[in-house]
Amino acid sequence: MSFPNESIAKFQQMVWDIFGIADDRLYSNWDLLSNMERFTMWALKGIRKGKIGDSNIPLPNEKPENASESFSHIYSTAGIKFNLIVATAWFFALMNRLHIDLEKELWQRFPNMCSYCKHMPCACETWKDKKFEKIKSEDKNQPKTMAEFQAMFKKIYPPEKRTLEHAGVHLAEELGELSEALHLFEGTHKKKYFTQLEIEAADFFSCIMGVANSIEMDFATDFYQLMPQKCHVCGQKVCVCNFF
Ligand SMILES: [Zn+2]
Ligand SMILES: [Zn+2]
């Protein structure tokens, strides 16, 4: 396989290759989290205020002046895409820091079915008795690439069954749950909270995929277009940005 047709693990590794040294020298876990939160916020603001329907606008060619500066045209689908990708890059940096194999957690949590109702497509709204069926999903059906994972999430959570705003609210909720799990783990160092953190990480990424599906975004292609094995700001394979 080659980019952008690569696994989530390879994308996570790519973020390490570009930003790992800078991240380790300059950022605490909380810094990584808050940057992830900031760019998620810009994506959510784009959803709330945006003129949706211009999904054919390509990603911006002009580079922001520094890594903290968001794409100016946030009120467009292109802006939402940009901010989702940058938020995800910070999220992958946090996963790298915590040595979480996101792809493994995703498949454990979403093995071709909703994590709650255990159905594909999700039947949470109509499923009354709340007894979880023991469905065994076969590992040979695990998506291999990020694009295949996105397609799987489209089948589990069809975008036509909810609005983009709903997908955005769910993303905001999962962002908060991930923050809470990190707080609980950092405050106690208990393994059960690290396990919770792994679960919340999978849920957060599922919601990134949810928003991407709602705006018909090819997430892997756009991610690689913005960060083709180099920093989208300084253009270097090992980022040398003058962060603040
Ligand atoms: Zn469900
Ligand atoms: Zn850079």
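This is a predicted model: local features need pLDDT of at least 70, side-chain atom pairs count only at pLDDT 80 or more; totals for chains, interfaces and linings use all residues.
Colleague: How many residues does α7 have, and what span should they cover?

Modeller: Helix α7 has 24 residues, which at 1.5 Å a residue should span 34 Å, and the C-alpha atoms at its ends lie 35 Å apart, which agrees.

Colleague: Where does this helix sit among the other elements, and how many helices and strands does the chain have?

Modeller: The chain has eight helices and zero strands, and read along the sequence the pattern is α-α-α-α-α-α-α-α. Helix α7 covers residues 191-214, and it is followed by glutamate 216, whose phi is positive, near 55°.

Colleague: How many residues of α7 are buried?

Modeller: A residue counts as buried if 20 or more other C-beta atoms lie within 10 Å of its own. By that reading 17 of the 24 residues of α7 are buried, so this helix is largely enclosed by the rest of the structure. For the chain, buried residues make up 38% of its 244 residues.

Colleague: Which residues have the most contacts inside the largest nonpolar core?

Modeller: In soluble globular proteins, nonpolar side chains tend to be buried together. Here the largest nonpolar core has 64 residues, and Trp90, Ile208 and Val211 are those with the most contacts inside it. Each of α1, α2, α3, α4, α5, α6, α7 and α8 supplies at least two residues of this core, and α3 gives the most to it, with 14 residues.

Colleague: What does tryptophan 90 touch?

Modeller: If we leave out residues up to four places away in sequence, tryptophan 90 touches Leu32, Asn35, Met36 and Phe39. For the chain in general, among contacts between residues at least 6 apart in sequence, 75% join residues at least 24 apart.

Colleague: At what angle do α2 and α6 pack?

Modeller: Angles over 145 degrees count as roughly antiparallel. The axes of α2 and α6 are 10 Å apart and the two helices pack at an angle of about 170°, and they are therefore roughly antiparallel to each other. On the α2 side the contact includes Asn29, Leu33, Glu37, Thr40, Leu44 and Ile47, while the residues from α6 include Leu164, Gly168, Leu171, Leu175 and Leu182. The residues of the contact of α2 with α6 divide into eight nonpolar, four polar and three charged.

Colleague: How do I read the spacing of such residues along a helix?

Modeller: An α-helix has 3.6 residues a turn, so residues three or four places apart point the same way.

Colleague: At what angle do the axes of α3 and α8 cross?

Modeller: An angle from 65 to 115 degrees counts as roughly perpendicular. The axes of α3 (residues 77-97) and α8 (residues 219-226) come within 10 Å and cross at roughly 80°, and the two helices are therefore roughly perpendicular to each other. Lys81, Phe82 and Ile85 of α3 make the contact with Asp222, Phe223 and Leu226 of α8, and these residues divide into four nonpolar, no polar and two charged.

Colleague: Where is tryptophan 42 placed, and what separates the C-alpha atoms of tryptophan 42 and asparagine 83?

Modeller: Tryptophan 42 is in helix α2, and with 18 C-beta neighbours inside 10 Å it counts as partly exposed. Although tryptophan 42 and asparagine 83 are 41 residues apart along the chain, their C-alpha atoms are separated by 6.2 Å.

Colleague: Which residues does a cis peptide bond join?

Modeller: A cis peptide bond joins phenylalanine 3 and proline 4, with omega about 0°, and proline 4 lies in the segment before α1. A cis peptide bond also joins methionine 120 and proline 121, again with omega about 0°, and proline 121 is in the loop between α4 and α5.

Methods: Residues are numbered from 1 along each chain as its sequence is written. Chains are lettered from A and ligands numbered from 1 in the order in which they are written. Axes are lines fitted to C-alpha atoms, for helices over the stretch in contact, and angles run from 0 to 180 degrees between N-to-C directions. Helices (H or I, at least four residues) and strands (E, at least two) are DSSP runs, numbered from the N terminus. Angles under 35 degrees count as roughly parallel, over 145 as roughly antiparallel, 65 to 115 as roughly perpendicular and the rest as oblique. Two residues are in contact if their C-beta atoms, placed from the backbone, lie within 7 Å. Ala, Val, Leu, Ile, Met, Phe, Trp, Tyr, Cys and Pro count as nonpolar, Asp, Glu, Lys and Arg as charged, and the others, Gly among them, as polar. A nonpolar core is a set of buried Ala, Val, Leu, Ile, Met, Phe, Trp, Tyr and Cys residues joined through C-beta atoms within 7 Å. A residue is buried if 20 or more other C-beta atoms lie within 10 Å of its own, exposed if 12 or fewer, and partly exposed in between; C-beta atoms are placed from the backbone. The expected span of a helix is 1.5 Å times one less than its number of residues.
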